Amino acid sequence: MLALDNLSKHFGGVRAVDAVDLTFREGEIFGLIGPNGSGKSTTVNLITGLYTPTTGTVMLDGHDLTQMAQHERTAMGVARTFQNIRLFGNLSVAQNLWVAQNGRTQRREHFMSRWFKAGGEHGPEIEDLLRFSRLHTKRDLPASALSFGEMRRLEMARALASNPRIVLLDEPAAGASLEDGQLLAERIRDIRERGVTVLLIEHMMELVMGISDRIAVLNFGRKIAEGTPAEVQANRDVRAAYLGSKHEDEELIHA
Amino acid sequence: MDYFFFIDFLQSLTDGLLFGTTYALIGIGFTLIFGVMRKLNLAYGAAALAGTYIGLAAFLSFDAPPTLVFLLSALGSGVIGILVYYCCFRFTPADYPMASLLASVGMLLFIEEVVIHASHGMPFPYPSVFRDATIELGDIWIRGDLLFVFGICVVAMAVLFWLLYRTPLGLATRAVSQQPRAAALCGIDPTRVNLLTFGITGILGGIAGAMTAAAVGVLSPIIAMGLTVKGLIAVVIGGLGSIPGAIIGGLLVGAAENIFLLLRGVTERDIYVMLLLFLFLVLRPGGLFGSTAGRD
């Protein structure tokens with residue numbers, strides 16, 4: 001559904017992303033991994049429209065997103081979460097979801113009903129997302145009053161509130177413990193159950209290897225491997241990139 | 001303390017607080033635009049003045065009733081606010097605030113020149129309501145026209161609060177000012193929010209301009225500088241980016257201005273208001289409610 005074709009982003013002489021081809025299939029959980037500085041975040045920013053690529057295209061079901069603004073891509077069905085959480089701290093939990101839901105619907109509705117219709121934070125869809133993120137008891141608290149884990153859950157729910165076709169999760173396990181990782185895996189599967197394709201950018205190998213249908217590995221901006229978790233784990237280049245070439249191979253497999 | 005002086009003091013304070021709501025409106029305008037764009041729009045006071053002149057034009061040409069004059073002033077200023085957005089902010093580089101700042105200074109001078117040229121620099125009578133009505137509270141008199149100014153400004157603020165805190169438009173505006181990147185990724189078009197903010201703050205500015213002229217009964221081009229400077233002082237005192245701060249700051253400027261007028265006379269009044277600004281800049285540069293926390 002979402003296809004990156006020959007995608008590159010150069011910052012001066014640095015090739016942060018270098019001629020990457022990737023295709024994500026409808027309904028899959030796709031893991032994107034790589035050492036620090038390998039171009040994962042730049043790739044996400046190219047897909048969501050923060051950066052304009054130096055070369056290449058981003059296509060969603062045949063629509064060219066490459067020149068679209070960020071909010072237009074959201075309307076097309078691309079949503080994301082952030083590694084460093086970016087909630088609207090002064091808005092309530094429910095309002096955070098309402099903003100995203102409203103942003104999506106704004107093209108379809110009449111001006112007055114779109115901008116001046118009060119009380120939308122009590123809609124059925126928002127109740128559903130509050131239950132999904134287990135935050136319905138905290139719906140009226142400001143988002144800044146939530147715990148770290150709750151903020152992550154709210155951000156994920158907010159991404160879903162824009163009714164995306166694909167959601168990009170940027171290191172959702174950062175700062176989480178191992179048990180949280182189990183719950184996170186369930187929640188990511190829940191997202192897929194809702195018919196949303198997931199692109200997971202993550203350092204926590206166990207999580208990525210456990211739930212991804214397919215994985216791609218970036219190193220120095222280039223794609224060095226792509227395939228099922230087992231295939232990627234067996235790949236020599238991947239081990240070299242992660243562990244250094246002379247290191248034993250055990251760690252990645254058992255990590 | 002001398003009783004009559006005490007009464008004079010209270011009278012000045014009351015008048016100042018009532019009139020200070022116009023400064024509060026201008027301060028809110030500066031603060032809202034700064035909130036969503038992180039940029040100062042120095043042409044704001046001039047745009048408010050130009051809008052007020054549009055209302056005046058209706059008054060002079062077909063003797064429009066006061067209500068219509070006020071309404072046209074507010075709407076005219078809203079339209080000019082949107083023009084200012086397109087001229088000075090829409091196409092200037094987003095990450096280089098100096099460009100739009102200087103453009104808005106140019107716009108301030110341009111609008112002022114146009115207004116002075118069109119009005120030959122002469123003051124004109126501006127409709128004023130409840131001129132002769134007063135409410136007497138003991139020895140303190142509350143002027144009817146000032147009370148009207150106060151009432152209109154408070155209603156404008158109430159409507160603004162409803163917009164900001166109860167409607168999707170306000171939610172989008174607040175989302176953009178808290179997390180512009182995340183807001184764009186929630187499907188909010190930042191350009192549209194900016195445009196609406198300039199329109200709405202323009203209307204607020206026009207209300208402030210109309211009420212300033214209504215309180216004096218006269219409209220003259222000098223008002224632009226007064227609105228700009230006093231509005232900015234209100235914002236510095238309250239803390240740029242804070243709406244409650246702009247309101248408190250505006251009331252404070254209004255009160256201080258009138259008290260210094262009583263104590264030191266009209267020629268020295270503004271010197272002391274500037275001193276107040278100076279004190280805030282030195283002792284509390286962030287203002288009373290100043291905070292930019294929670295933003296990139």
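Two strands are said to pair here if DSSP finds at least two bridges between them, and helices (H or I, at least four residues) and strands (E, at least two) are DSSP runs, numbered from the N terminus. What I am showing is a predicted model, in which local features need pLDDT of at least 70 and side-chain atom pairs count only at pLDDT 80 or more, while totals for chains, interfaces and linings use all residues. Residues are numbered from 1 along each chain as its sequence is written, and chains are lettered from A and ligands numbered from 1 in the order in which they are written.

Let me start with the sheet in chain A. Its six strands follow the order β6-β7-β8-β3-β9-β10, forming an open sheet with mixed pairing. At the edges stand β6 (78-80) and β10 (222-227) of chain A, each with a single partner strand, so one side of each is left without a neighbour in the sheet. On average, neighbouring strands are turned by 20° against each other, direction ignored; axes are lines fitted to C-alpha atoms, for helices over the stretch in contact, and angles run from 0 to 180 degrees between N-to-C directions.

Helix α1 (residues 40-48) of chain A packs on this sheet, touching β3, β6, β7, β8 and β9 of chain A, and its direction makes about 150° with that of β7(A). Contact means that the C-beta atoms of two residues, placed from the backbone, lie within 7 Å.

Now to β8(A) and its partners. With β7(A), it pairs in the parallel sense over five bridges, and L169(A) has L200(A) as its bridge partner in β8(A). Strand β3 (residues 29-33) of chain A also runs parallel to β8(A), joined to it by four bridges; here I29(A) is partnered by V198(A), and G31(A) stands opposite L200(A).

Is β8(A) enclosed or open? Five of its five residues are buried, so β8(A) is largely enclosed by the rest of the structure, where buried means that 20 or more other C-beta atoms, placed from the backbone, lie within 10 Å of a residue's own. T197(A), L199(A) and I201(A) point one way from the strand, whereas V198(A) and L200(A) point the other way.

Finally, the interface: 19 residues of chain B are in contact with 30 residues of chain A. On the chain B side, α6(B) gives the most, with seven residues.

Methods: Buried ≥ 20, exposed ≤ 12 C-beta atoms within 10 Å, placed from the backbone.
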